[in-house]
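Here is a short briefing on one protein model.

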Amino acid sequence: MRFEPTDEQRAVREEARGLVREELEPEAARLDGEGAYPGEFLAELGDRGLAGLLLPEEYGGRGGGLVELALVTEELSAGLMSAAAAFGLHVGVAAVVERFGKDDLKRDVLPGMARMGTVGALGLSEDEAGSDKSTLATTARREGDEWVLDGHKRWVTNFEEADVVLTYARTGPADGSGNATAFLLPAGDLELDRRWDTLGARSVSTCRVTLEGVRVPDDRRVGSVDGALAERGRVRTGVNVPARAVGLARAALEDAAAYAEEREQFGRAIGEFQGIRWRVADMTERVEAARLLTLRAADLADRARDDAGRGDADPGRALRLAKVNATEAAVENANEALQTLGGVGYTRDRAVERYLRDARLLTIAGGPNEVHRDAVADAAFERGR
Ligand SMILES: Cc1cc2nc3c(=O)[nH]c(=O)nc-3n(C[C@H](O)[C@H](O)[C@H](O)COP(=O)(O)OP(=O)(O)OC[C@H]3O[C@@H](n4cnc5c(N)ncnc54)[C@H](O)[C@@H]3O)c2cc1C
């Protein structure tokens, strides 16, 4: 049993932490307030090859695994969740292309993606295909060596900055069997319908887009015909969602503890009151539990790769547990931090109100927690039989 990151994993975490402290944190409030994209910071991640964290060295990547992704994502999210969201989705798209794309496509796009010169976004969810992705309305029909795509995507994070969108379309009958195929489309082929005005994640665009007769050559297909959803499930870069939550839960704890030490009421620091001390202890426990579950899920997934794993060693189950635990820890900690800061916590002078707005996304995105709980319960009942 291992509970500690390796020296290399520690080093990449420290690298990300240093960058966040120097270049992201000082800008975070402004970026969130203006709804401005953290382009310079993400470009720096690209220059350092961190955007190619999961890609092999032959494409300019770092050859890391999901543990490294979780460690780096925690750091980015503690600085600004929007930056971690743009990063997580980009890295996830690159990983799917690397795993299932054809060699020519990989040689064409992955070196750019490793440098973040080519930015990736994900087009999966639709108006009627939210939690249930087996009901995609976007279709792709084959015409010779090309496919023709029609439909829409409801939520594409980072669409306005993206160069390529990994787009999922139905390629079989609408019988709920999830017969989807993935294509890497130039972002210019998708038309912007609207930019959503969101509660949090305000420094990254989230857009509804439409596709009308978009023609794409078969060599930009990523993975098998009809099998893209199952293939996507095997990549497990979704660990970036609980990792983002750990970052927010930790930032909330740090801000609350620092404030409680310095703020005095009734003749002493509020951190001396038992009500606050126990709150800080509970917040600490949530961070540690969420981080352990997240890193364990990442580690299991790295070791299992295509093997589904079984029982407690099933990375899919571990990921669901981490997702539910960490995202709820983030909401709880952000809320508790806000209470600890009192009135000033309710203002935009402090970051805790942003943590709460940003955390609120994470129990929904990456699949609502109810759906993950259902799947965990299914496995528990299965084992009990
Ligand atoms: C800001 C933002 C960014 C996003 N970015 C992307 C992106 O880049 N790419 C992409 O493809 N998607 C993206 N999404 C979509 C996201 O993954 C979906 O919102 C999510 O999967 C849930 O779908 P839905 O919103 O349609 O909710 P619905 O499926 O309509 O569910 C609504 C609610 O019903 C409940 N519910 C649903 N199913 C069950 C169940 N089985 N049991 C109990 N309760 C249930 C839950 O409480 C859920 O919150 C983004 C969403 C947001 C808000």
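Contacts between residues 24 or more positions apart make up 73% of the contacts in the protein that have a separation of 6 or more. The model behind this figure is predicted. Buried residues account for 51% of the 385 residues.

**Overall build**

- The protein has 11 helices and 10 strands.
- Its radius of gyration is 21 Å, close to the 21 Å that the globule rule gives for 385 residues, so the protein is as compact as a globular protein of that length.
- The C-alpha trace spans about 80 × 55 × 40 Å along its principal axes.

**Domains**

- The protein is divided into three parts: domain 1 (7-119), domain 2 (121-225) and domain 3 (236-384).
- Domain 1 and domain 2 have C-alpha centres that lie 22 Å apart.
- Their contact takes 25 residues from domain 1 and 18 residues from domain 2.
- On the domain 1 side of this contact, α1 (7-34), α4 (81-100) and α5 (103-115) each supply at least two residues.
- Helix α4 gives the most to that side, with 11 residues.
- By residue type, the side of domain 1 that touches domain 2 divides into 17 nonpolar, five polar and three charged.

**Helix α3**

- Helix α3 covers residues 66-79, which is 14 residues.
- At 1.5 Å a residue, this helix should span 20 Å. The expected span is 1.5 Å times one less than the number of residues.
- Is α3 mostly covered or mostly exposed? It is mostly covered, as 14 of its 14 residues are buried.
- An α-helix has 3.6 residues a turn, so residues three or four places apart point the same way.

**Around the ligand**

- There are 20 residues around the ligand. Leu 124, Gly 130, Ser 131, Thr 157 and Glu 370 come nearest.
- Which elements give two or more residues to this shell? They are β3 (146-157) and α11 (369-384).
- The shell divides into 11 nonpolar, seven polar and two charged residues.
- Why does the ligand lie between domain 2 and domain 3? Domain 2 (121-225) and domain 3 (236-384) both give residues to the shell, so the ligand lies between them.

Technical notes: Residues are numbered from 1 along each chain as its sequence is written. This is a predicted model: local features need pLDDT of at least 70, side-chain atom pairs count only at pLDDT 80 or more; totals for chains, interfaces and linings use all residues. A residue is near a molecule or strand if its C-beta atom, placed from the backbone, lies within 6 Å of it. Helices (H or I, at least four residues) and strands (E, at least two) are DSSP runs, numbered from the N terminus. Ala, Val, Leu, Ile, Met, Phe, Trp, Tyr, Cys and Pro count as nonpolar, Asp, Glu, Lys and Arg as charged, and the others, Gly among them, as polar. Domain bounds come from an automatic or database domain assignment. A residue is buried if 20 or more other C-beta atoms lie within 10 Å of its own, exposed if 12 or fewer, and partly exposed in between; C-beta atoms are placed from the backbone. The radius of gyration is taken over C-alpha atoms; the globule rule is 2.2 Å times the number of residues to the power 0.38. Two residues are in contact if their C-beta atoms, placed from the backbone, lie within 7 Å.
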